[in-house]
Amino acid sequence: MQHIPILVIGGGIGGMATALALAQAGFTAHIVEQAPAFGEIGAGIQLAPNALRVLDGLGVLPALDEVAVRPRNLVFMHADTGRHLTTVDLGTPFERRYGRPYTVLHRGDLLDVLLQACRADERVTLETGRQVVEITDLDTSAEVHFADGDSYRTDALIGADGLWSRTRRLLSEDRPVTDTYVAYRGALPMSDLTAPVEPDDEIVWIGPHKHLVQYPIRRGELYNQVAVFRSSRYTPERELTDTWGLADELDEHFAASCEHVRTSIATVNRERRWVMYDRAPLDNWTRGRITLLGDAAHPMVQYLAQGACQAIEDAGCLARTMRDHDGDVDKAFAAYQAERIPRTARVQRIARGWGQVWHDDGDVIPALRDRVFGRRRPDDYTDMDWLYQPAAS
């Protein structure tokens, strides 16, 4: 049985950022990924200043800037009436306040930048095609067993294995929860757009039980679109089947929307649907020498665009606690989760509430939302400080 000092399960954005951060803190890190190659599906991803702060510390911002877009504004519109609700200025005032810009890019481009940085660091080892079938907690170490019969023993196991995390099963019997929303997402060349767009803005069209997000990615060459709606065909028995939230429902839900939204929906990628899941926050992520990170620890709905951002924050925090405690895994894991659990639990809960504000179809919440939105200035960032400002030291 091979001994691995620090083993990361999961080669997604969170796992890559963790390995890179640990390496730069002076530790070796070994990533195992079950897929035959490292890659990300989907299209766009949003990185707020809190994530860019960590990525800047990892030295990857110059590479990201080559493929990313910095939107000028975040614009909220009503999906049905086409009415402008509010604008958030993402330009100079925003960057001056938070020290970093707001950035959007292709998920695959972000992973590729992290992957290349990991490959360039001799302290990071990468393996693909490694399907984990069993994890054993040995208190002062952990064992990971793979489908091919191999096993590793490790002094520190980091489960960055996503929403359906096998590692999390050691700590909780909970399962992902859906509020019956599904997403269709993808990007198309700017030249293929059939409706006029603002190439420097991110636009969020919100309405009853639905929304559409649009923004440019990959140096402005592609236009990312994410259409989300609440399926009326969901039942618990159907949850894990492909019999609800289908493309015909997508068209039905947006049929009453304004012309721009309807035209955009017609171009949204229909090849795959994503069910929107999260889980209730846990009060403990650690068992012996095993801890959780990213979606394995705190999966969240996407309304604050913080899923990847919080995983990146996790990575920076874990590397820092390992460094501060001179590699003492027990102390480092305890300090890591003590700092991260309150923060991520708050983001999880507020993300749920923000989704309700976007999607409510009653008389009161939409009216209050639109009134509050309409009164704020584009450079009023008061309600964002808790999320984007650096943590108090």
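Student: Which helices each supply at least two residues of the lining of the second largest pocket?

Tutor: They are helix H1 (13-24), helix H2 (49-57), helix H8 (307-324), H9 and H11; helices here are DSSP runs of H or I with at least four residues, strands are runs of E with at least two, and both are numbered from the N terminus. The model is a predicted one, in which local features need pLDDT of at least 70 and side-chain atom pairs count only at pLDDT 80 or more, while totals for chains, interfaces and linings use all residues. Residues are numbered from 1 along each chain as its sequence is written, and side-chain values use heavy atoms, without hydrogens and water.

Student: How does the lining of the second largest pocket divide by class?

Tutor: It has 10 nonpolar, four polar and seven charged residues. Ala, Val, Leu, Ile, Met, Phe, Trp, Tyr, Cys and Pro count as nonpolar, Asp, Glu, Lys and Arg as charged, and the others, Gly among them, as polar.

Student: Which residues line the largest cavity?

Tutor: The structure holds one cavity of 30 Å³ or more, and about 50 Å³ of space lies in the largest cavity. Leu193, Thr194, Ala195, Val197, Gln214, Gln225, Thr263, Ser264 and Thr267 line that cavity. Three of these lining residues are nonpolar, six are polar and none is charged.

Student: How many aromatic pairs does a search of the whole structure find?

Tutor: It finds 18; rings of Phe, Tyr and Trp (its six-membered ring) pair if their centres lie within 6.5 Å, with planes under 30 degrees apart counted as stacked, over 60 as edge-to-face and the rest as tilted. Phe76 and Trp354 form an edge-to-face pair, 6.5 Å centre to centre with 75° between the planes. Phe76 lies in strand S4 (residues 73-78) and Trp354 in helix H9 (residues 329-359), so this pair ties together parts 278 residues apart in sequence. Phe76 is buried at 6% relative accessible area, whereas Trp354 is partly exposed at 24% (buried is under 20%, exposed over 50%, partly exposed in between; 1.4 Å probe, protein chains only).

Tutor: Phe94 and Tyr388 form another edge-to-face pair, at 5.9 Å and 70°. Because Phe94 belongs to helix H4 (residues 92-98) and Tyr388 to helix H11 (residues 385-388), the pair ties together parts 294 residues apart in sequence. Phe94 is buried at 0%, and Tyr388 is buried at 8%.

Student: Which residues form one aromatic cluster with Phe76?

Tutor: Tyr303, Trp354, Trp358 and Phe373 form the cluster with Phe76.

Student: Which charged residue lies over the face of Trp274?

Tutor: Arg185 does, at 4.7 Å from the ring centre; the criterion is NZ of Lys or CZ of Arg within 6 Å of the ring centre and within 35 degrees of the ring normal. Likewise, the charged end of Arg273 sits over the ring of Trp244, 5.1 Å from its centre.

How values were computed. 1 Å grid on protein atoms, 1.4 Å probe; cavity = no way out; pocket = protein on both sides within 12 Å on 5 of 7 lines; lining within 4 Å. Points joined across faces, edges and corners; volume = space filled by probe spheres on them.
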